[in-house]
Every structure is written in C-alpha cells, then in structure tokens.
Amino acid sequence: MSAFNDIRDYVAIPRVLSLRLSPDGSRLVSTVQSLNPDGKSFGTALWAIPFDGEPYRLTRSAKGETAAVFTEAGDVLFTSARPDPTTKDSTDEVPALWLLPRAGGESRQVATRPGGIGAVRTAADVVVFSSDVLDGEEAAEEEKRKARKDAGISAILHESSPIRYWDHDLGPGRTRLFAARLGDDRLEDVRDLTPDAGDALREAAFELTPDGDTVITTWRTYLPKGESRTDLVAIDVATGERRVLLSEDGYDFGSPMAVSPDGVRVACARERFTGLEVSARSELWIADLATGEGRAYAPDLFPADVEWAPDSSAVYIVADHQGRRPAFRVPLDGEPVRLTEDDAAYQGLNASADGRFVYAMRSAIDLAPAPARIDVATGETTDLPSPAPRPEVPGTLTEISATADDGATIRGWLVLPEGASADDPAPFLLWIHGGPVASWNDWQWRWQSWIMAEHGYAVLMPDPCLSTGYGQDMIDRGWGNWGPRTQADLDAIVDVALARDDIDAERIGAMGGSFGGYMANWLAGHTDRYKAIVTHASLWSLDQFAGTTDVPMYWQREFGAPGSERYELLSPHLSLDKITTPMLVIHGDKDYRVPIGEALRLWWDLRRSEVESKFLYFPDENHWILKPGNAVAWYEVVLAFLAQHVLGQEWKRPDSAA
C-alpha cells in the first residue's frame, strides 16, 4: 500500500536534511529526521554515507544531533542537548558541542555555554561557534540565567526591532561569536570574538577562511526609522579586530556564503532593498577579501547555495530556473554554465578536492531528497545510497503552461492521480505557493501534493508572477500588484488545466499558505469558480498585518506605510461582501511571520457574514504546522473539508481534530 494513503505512514517517512563531505573525500555525513518512538515528535541523528558501502547510523540520543561539520582530521563536530555521560550533567535543554572521532568510538562533549551553542565552523585547528549571551559580565552568565529562571522572569526589554523571528522570540540574550582551538579532550582557549556585537549578529551567517585566521560574518547595521542593513565584516580570530568588508547603501550581503579555498575571495548573495517601485532581486556577488572590491556574476540567477571549485577558479551555485533548481558553474572569467539538465532541484553543494564531482541533495516535485553526485565534466548525475529510501509516488507528474493576458508564459506542474482519464476525470485542486518570491520546484514535506493524488485529486502547482526562475521581468510584473496580476496568471493556467479531459472542471478547489493563503483569500472575494477554499497562515487585513508581522520593515518597503493606496487596492478583507465560497481557515498561534490576528479577524468576518466556514487552530504551532500529530490532523481536516464541498460528500469530522 502507498505510504501516502494513511497520513500517519507518510509522517513516519525518514527525511534526509543535510549533506557534508569529509576532508579526505571518503564519505558524506547527513542529518536524518525520523519519528521518535512515542510517535509525537521528530528526532534527528547523524548518518554516514560511505562511497564504498551502505549508509550507517553514527549517533543515537533522545535529544538528537544536528549542525554537523568535519574537522581537518576528519572528526565530526555536532551539537546536541543530550546529557554528558562522563558527568551525568544535563545541558538544561540547550545544545552543547560534541566530537565524534573519525576512528570510531563514543562521542564526547567538548564545549558548553549557558546559552547553548548554535552554528559551528572549523578550519585548521580553529573552531568558531555562535552562542546566546546575556548582557553583562561573562563570568556571571550562568548565575544570571539561573536567577531569571528561579524568579520566574520571562520579560524581555527591547530597544531595537525585530523582537521575534518566524516562530521564536529574540532575547533576552544576544548572539555572539566565540573562537577556540581543538584540544585533546575539550576546546581550549575559548574567547569571545564579538563582545560589543549587541544585536548585530541576530540570525547571523558566518564562515571561516581556510587557514582559520579570519571569520567572515553578516553584521546588521541599524538605521533610522526601524530600518537596517546587513553588511559583511571580517574578524581576526587572534585579536578580535573587526573590519567592514562589504557594505553598500540599499543592499544586504549575506547567505548563501562561501570563502574560496585559496582564501582570497568570498562569494555571497547581494540583495537590493525593495521599494514601492523597486522589486526584489538577489545576485551572486564575489569580492576580494583583502580589498572588498567585487562585482555581480550570473545575472538573473538568484543563488540558493554556493560552493567554490577546489582551484578557486569558479563557484558552483544552485538557482531556481523554469520550475527546476539546477546546479551551475560560474567561472570568474566567463559566463555561467548549467551543469544539471534534469528536472530536479539541488541543494547543499559539496565539491570534491580533485575537482571531478559535486555532491548535493537532489529532489523534485515527485522525488524525495537524497544524496547525489554530479560529474563536473559531463553534468551526469548519479543517485547515491540514501539513509532514507525514497517513497514511490502514487500518480504521474506533467508540465503545463499558458499564455497570460499580457502575453507572459505561465508554467506549472500538474500532479495526476492514478487512473485519471476522460472516462474517470479527477477532481481538481489549485495549490498556490508562498513567498511570493519563490517557485514550486522541489519536494514538499508539508503541502504534499501526492497525499491529495492518493485521494484522487489532480493538483496544479503553478508559478505565477513574482515566481523565481523566470527572469526579473516575472517578478516585476507582480510587484506591488499581488492580487489582480497574480489572479490573472492563475486564471490563465487553471483554464488550460481544466480543459483537459482527465480533469473534472466542475469539482474544483483552491488552497494556499502564507502568500498562497493571501491569494486564497483574494480568490474567495473575486471569483466563485471554486467549490471550496483552504487558506493557511494567510494575510487578510493588510493594514493590520503591516505592523504586527515580525519583519514590518521588509513588508512596508513594498507596500508603504499603513493606510497608503496599496492597502486599499490589495487587501482581501475589503472584498468580504463578495465571498460566498466555503472556506477552511488554518493558523498556528506561534506564527510570527503572519500573526494569528489575521486568522482571528478573518474567522470573525466570515462568521458575521454567515459564510460557511471552519477554523482549524493550532495553539502550539508555527507558520508550517510541523509536529507529527498536528500534521496528521491538518491533512485529515483538509481532506474532509474538500470531500464535503468539492466531492459533495457528507461532512465527517476527523477524530484527530476533535
């Protein structure tokens, strides 16, 4: 039986999350997520993927392991909140740093911090890691945290924005970077490299030069009126001396980022500030580490990952492109060359030392992520043995396109269930992606179209305006014009899909999350063609949303201050009186990107307008709904709602949502 039939079976499928290549090129290490024995949560473990054998598990603990990096000697550093077996001490739920010897044996704890250890980078015998630190004297850190806990204090006093991010509160500690050296048993000479960082390292990305002498890190500079800019700075590991490497008004520099093997250059993303008439744009930027001089490469390719060739003559990047995410080779003295020609999406690039191969995670709409090897000379891709075998999908995937009213080509993926035909056409679902600067091109553990296909639905996953991978013009077409322009694109490609004889044009629904939820709300007030609409983590009243999202700065660059013309033109709530389609509203209370107030107001507006509707509420979830049991409830309620309104069946309340 298909793993997509029983949603509990689907949730239990192990998931490969990351990939790291060992210095000697003999194996990869991956973080694998799987269902814990209690069935109520997910855990993580490290797996080795040797090139001369089958994958095998490296770590086991109830707390799980993550953030794996290799030392120069081939040992594995990782973070975990597991207790130290040599002292029996718990880390009080915060991650410590552990080392797993290359030669085998037990892992040992090598560093702890009162605020836990976050990202880790290592080069030569140097280790740099991030940690959350309370303001004040370093020696009193542990005592201050204990005093807050014992006193029951959760208050956080802020003097800058943001104060929360996606699904977690920021503070009361602030991120700092620490440097140390690998010792025989523990890290030695641990030093605070950034005692004056303040809020500059919030959500920082950083890398080490190959000699371990310099840290290259993002550094947030705060500007008037709540604005900020992200620069790149270089920090001397020996002295802590800091110099600005890349800074430019109107631009952010940051992740993805990589330092060349010869230590001469840094490659990173440069993103321009948006505005009312200035759309989002990200580009590959390569700069000299000594002078900061640099330029843009690979125009119209938004880099999602970057890795240097071992001779430092080129970088490999992955970027959305026509509904795929290929790997490209970008030479310093030439034009980008596409390496992979298949329909896959690649991520997590690792170049072999001999320059022959690039290892990466490979996935697609119909292909779960797993490790693969790319031959640099030929572009040939070979799947490698995976710690988590891929499930077989229950149906077929095809590509369709349409011409919008302004002449633009709109393309998308169409998932068809087994048996769909002219004699037995499938009911239809439009799934609108989030972002909105994004693309349907890889496997989705959430918003899984194959679950819907297993239950008989055809699913259209289109890339309308604002989607990445189609050139800057596609983003410009929808900038500041979310609702009308996007709807026209969606209408065009939906018309093409519904003209097929294997799709039932009378039984159709629409769904979307985040920006897709905004568009679901917009469609509800501007068309009655759909029998049901599912809106997840959605924007409803734009004026309300503008100041309550975790990142109002980014939002208001495009839409202006609350009350401006765009809010009046584009807010879905202003079309409430036109809504007649039954709606399922879904939201998590811990969603800070689209705060719960959007769903609460939408729900109340639907109730007072007597629109047939239901509200699936998750008190303990964020933007995505990730806990296993809650994910099961999500799918079961969505399927029941669609069965009622799209298929015309009697409503059956799922037990999981009781």
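1. Strands here are DSSP runs of E with at least two residues, and helices are runs of H or I with at least four residues, both numbered from the N terminus; two strands count as paired if DSSP finds at least two bridges between them. The model is a predicted one, in which local features need pLDDT of at least 70 and side-chain atom pairs count only at pLDDT 80 or more, while totals for chains, interfaces and linings use all residues. Residues are numbered from 1 along each chain as its sequence is written, and side-chain values use heavy atoms, with hydrogens and water left out.

2. The hairpin of β24 and β25 deserves a look at the outset. Strand β24, residues 303-308, runs antiparallel to strand β25, residues 314-319, and five bridges link the pair. Within this pairing, Asp 305 is placed opposite Val 318 of β25. Five residues lie between the two strands of the hairpin, and Ser 312 there adopts a positive phi near 65 degrees.

3. The antiparallel pairing of β20 with strand β21, residues 265-272, extends over seven bridges, and Ala 258 has Ala 267 of β21 as its bridge partner.

4. The bond between Gly 171 and Pro 172 is cis, with omega about 5 degrees, and Pro 172 sits in the loop between β13 (168-169) and β14 (174-182). Gly 435 and Pro 436 are likewise joined by a cis bond, with omega about 0 degrees; Pro 436 belongs to the loop that connects β34 (426-432) and α3 (449-454).

5. Ala 298, which is not a glycine, has a positive phi of about 50 degrees and lies in the loop between β23 and β24. Its relative accessibility is 4%, so Ala 298 counts as buried (buried means under 20% relative accessible area, exposed over 50%, and partly exposed in between, with a 1.4 Å probe and protein chains only).

6. Ser 514, in the loop between β36 (503-513) and α6 (515-526), has a positive phi near 65 degrees. Ser 514 is also buried, at a relative accessible area of 15%.
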